[in-house]
Amino acid sequence: MTDQKKIHFVLIFVIVVGCLGLIACQTTTPPVETTRPGHPDRPTHPAKPTLPPSQEKIKKMIELTELHKLSINQLQSKQFDAAISSLEKIVRLEPKSSMAYYNMACVYSLQKETDQAIKSLRQAIDLDYIDADHIKTDSDLDNIRTDKRFLSLIKKITADFGRSTEEEIAVQKKAIAIIEKTRGLKFKKPLQHRTLELEQFYSVFGRKDESIKGFYRYQTKTLYVKRYKNPQKAYTLRIHESFHGWQDQYFDLKKLHAQLKTTDTNYVSQGLIEGDASYMMIVSQPGSRMNGMLTMTPPWKQESLKGARLVDMCRKTFNYSVGASFIKTVHEAEGWNGVNKIYTNLPRSTEQILHPEKYLNNTDEPVRVNLPDFTQALDAQFKATPEDTIGEFHLMLELITTGLTGPAATKAATGWGGDRILRLEQPDSQRSFIWKTAWDTKEDAGEFFAAAQEMTKNMYPEATALATETEGGQTTITYEVKENIFALVSFRDKEVIILRELPKNILIKAAEALNVSPTPAFSQNNHPVRKKTGSVFKTKKDETITRLQKMTLPELYNTYVDLTTYEIIDFDTLTKRLKNTQAIYVGERHDNPAHHQLQLNILTALFKNNPDVAMGMEFLYRSNQLQLDDFTAQKMNFGKISPLIKKGFGPIYNQYKPLLQFCGQNKVKLVGLSAPPGIEAKFAMKGWEGLTEKEKKFIAKDIDIDNKSHKKYVLRLFQGMINQKIMKRNDAMMQKFYVTQCVRDETMAESIANYLKENQRNSAAQIMIVAGGGHVEYKFNIPDRVVKRYKITSKTVIPLNAGKNTNFRGLFASKQRIGDFLAFAPPSAGEITGVTPKKPLLGIALDISRQPPGCLVTRVIAGLPAAQAGLQNGDVIMQMDSKKINRQKDLMNFMKTKKSGDKIALIVSRKNKQQKFIVKLK
């Protein structure tokens, strides 16, 4: 069984710092367990679900994931019959799983069942398993490798697989020659390389990522490069990635990666491997702008840079720029022989990469830090992960992530001597840990102790410092960061200990094991803990209600309430509490300008902190994503994009225009969340079978319609829009209406989850979602459906129209929170005047799958205007007043211009004859 795949690839990009450019690449982590080594990130293809019930689909997806894991474990442990049984179950659930068939071929080969192995391999290839290099090197297939049928299959997929043109071969030879000349050592054997078309490249890489231009895979000893129109443009890329092949031939990258035990040593490996390849690019092309990689000021030393974007830049800079500078220092001191020796005498920590003189002088070895065994202290809810060492560089990133500037974080991390951390997983938090750090001097430890306090305050703005006590040279601060959840920071001599997000009993046990006192007062239950239950909690709520009731309307419209604490806050505090959240939902009433101004204000504040923030919008369609990308990349101006996106917004388009213009001017990515018009309702009426293959691509693959609370909420919410008497008389119509809303929520949720998954490598990935309050309030609509797909942090901001008679007490009466934050806003014009126009009703249902012209009436509801005027099932509405009706949207747009009491003239085709009807709207 081959080891699971670790891919080595290059990501070419330019970071402009002044006039300097930086070319960078990065290495992936090992793959997830559910995939074979050939495709570390290739997803399985879920079967198309049917309704009802959606819980069956969720169960199926979970079952597939578990079966993939089980089959891999069974294969690795040589339980071949059991593995085949598991793989057959996968194929029954997912008939087009090329990965399952490939794994079957491996099992049959290992059992020397040649015919079955060849048959399964052929099925895998027919289902688009085209990674010929992996098939040729996978030892699981050794028993069938000499079979003529195997050779024929390999020939079938390798005939044109990665064949390079003469010009591409010439560029590759030039890259090889410059490496050999510069390094003074020739490749031990020719480096296999393949130039792939776009789809082939992504298939072999395992996923689509436009930023990836090439990668070297040490399992197949092959370089893969995306085809360029001008092959000369790939010259620098080929130098970098071909050099990884040279490294592999001399120093065995597989063996090197196997030494990775901690976060710190993983960064050491990155700095060495990528730094050496980057330095090769620089010295082989003297005078190029890549020399700037050696002289640029690292981003963590620049005051002007901060936030999540800085963290991403720091990682890339460390791997390539700092790594190259480290190699340069060693090269100048000890020549290429000295550089080669690094691979057998690795730096002990990132501290030696950051400070090369410590490596050369063999000084400042990391201090070995040990943690006690906490197994007995943990409750059943906690799961301890393997212990880890973070190191100086990642420690600095942790400080930056929690709000410190780069220079402040650098100062606090300098003097690191060693550390050991035990992360604890539990259902409600992934941020619990026990962390012990050692420092070169007491002054260094003191600086980090101060930074750790600031880090805690930034992470938990509402945390209460329960006790601060100095005893026997030890200073300890204990915090309540959540209800009955605590953190601790302790400083003694050259040691700082941090405990985070632990229940009181476990925190006390951990502190005692580490010889730290969480202060006697805390241990004896005499600490001034803020209770958030019972009468104290109610008092806080009452205090907030009283303050809101006393405010004037102008004061109220600049006021926000954190519903997790019932605290009144200002806008700056609101945005500070949102800034490290991955998905931020800001609700709205579509026709209220104040709500859209709030959305723009929040987006502006988020963008200032994180230029990588994106915005997803309910009224933007998935089908228009390419045009939206062109607009936000400033390849298409607002004048050209506005007619396209205006169709989704209809009459309320101007309300959203400032938001859209802000995104265009600042290159804020717009994400289309919804399916194109009509598909959701069509699905509700006809199910999956009623959709075309194209339409199926635009709605969510998994739809839950079983949430009773959500259903009750949706039908109540739309009471002013839908005639509830009709809905109650027509259970089928009510069900279809509700399913339509679920499809919309699920589709938007899938779009959000997909965006964050696709950008998970970018630590700055963040998206603000603009959607109607009905899709956001109480979280059981979009937010919870996103979390089912992808575990993320999310918060909701609910704009609330407030006036003189607002019932503040009623707002807080519900046991379930409407959101995380309330934002008070002026009412809409209709609410101020007390006149909210009701939508007129025709009383018909339409066949939304009908092709133009005209709208086919499938149902006429008794007692409503259409029936009273004489319309019948089967009529086709061709014209309304002077407006021609080609499709459902024409009819709906026309109805938006009418009000109750209006009369309209309908031209209807009935049995191929046109008739005229006068309908008075209700």
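In this predicted model, the structure holds 0 disulfides. A disulfide is a covalent bond between the sulfur atoms of two cysteines. Among the cysteines, Cys663 is buried, with a relative accessible area of 0%, and Cys742 is likewise buried, its relative accessible area being 0%.

The packing of nonpolar side chains was examined next. In soluble globular proteins, nonpolar side chains tend to be buried together. The largest nonpolar core contains 80 residues, of which Leu395 and Leu399 touch the most other members. Helix α13, spanning residues 308-342, contributes the largest share of this core, with 13 residues. When neighbours within four places in sequence are left aside, Leu395 is in contact with Ile390, Ala413, Trp416, Trp435, Trp439 and Phe448.

Within α2, the residues Phe80, Ala83, Ile84, Ser86, Leu87, Ile90 and Val91 are buried. Because these buried residues fall within an arc of 165 degrees when α2 is seen down its axis, they line one face of the helix. Asp81 and Arg92, by contrast, are exposed on the other side of α2. An α-helix has 3.6 residues a turn, so residues three or four places apart point the same way.

Among the strands, β11 (residues 485-492) and β12 run antiparallel and are joined by 7 bridges. Across this pairing, Phe491 stands opposite Val496 in β12. The hairpin formed by β11 and β12 has 2 residues between the strands, and in this hairpin Asp493 takes a positive phi near 55 degrees. Strand β12 itself (residues 495-503) has 8 of its 9 residues buried, and is therefore largely enclosed by the rest of the structure.

Positive phi values were also found in loops elsewhere in the chain. Most residues other than glycine have a negative phi, and most peptide bonds are trans. Lys221, a residue other than glycine, has a positive phi near 55 degrees and is found in the loop between β4 (212-217) and β5 (222-226). The relative accessible area of Lys221 is 37%, and this residue is accordingly partly exposed. For Asp252, phi is again positive and near 55 degrees, and the residue lies in the loop between the helices α9 (235-251) and α10 (253-258). Asp252 is partly exposed as well, with a relative accessible area of 33%.

Finally, the surroundings of a serine in a strand were considered. Ser909 is found in strand β25, which spans residues 903-910. With a relative accessible area of 18%, Ser909 is classed as buried, because that class takes in values under 20%. Not counting residues up to four places away in sequence, Ser909 touches Gly874, Asp875, Val876, Met878 and Gln914.

Key: Residues numbered from 1 in each chain as written. Predicted model: local features only at pLDDT ≥ 70, side-chain atom pairs only at ≥ 80, totals over all residues. Heavy atoms only, no water. Buried < 20%, exposed > 50% of the residue type's maximum accessible area, 1.4 Å probe, protein only. Helix = DSSP H or I, 4+ residues; strand = E, 2+ residues; numbered from the N terminus. Arc of directions from axis to C-beta. Pairing = 2+ DSSP bridges. Core = buried A, V, L, I, M, F, W, Y, C linked by side-chain atoms within 4.5 Å. Contact = heavy atoms within 4.5 Å. Disulfide = S-S within 2.5 Å.
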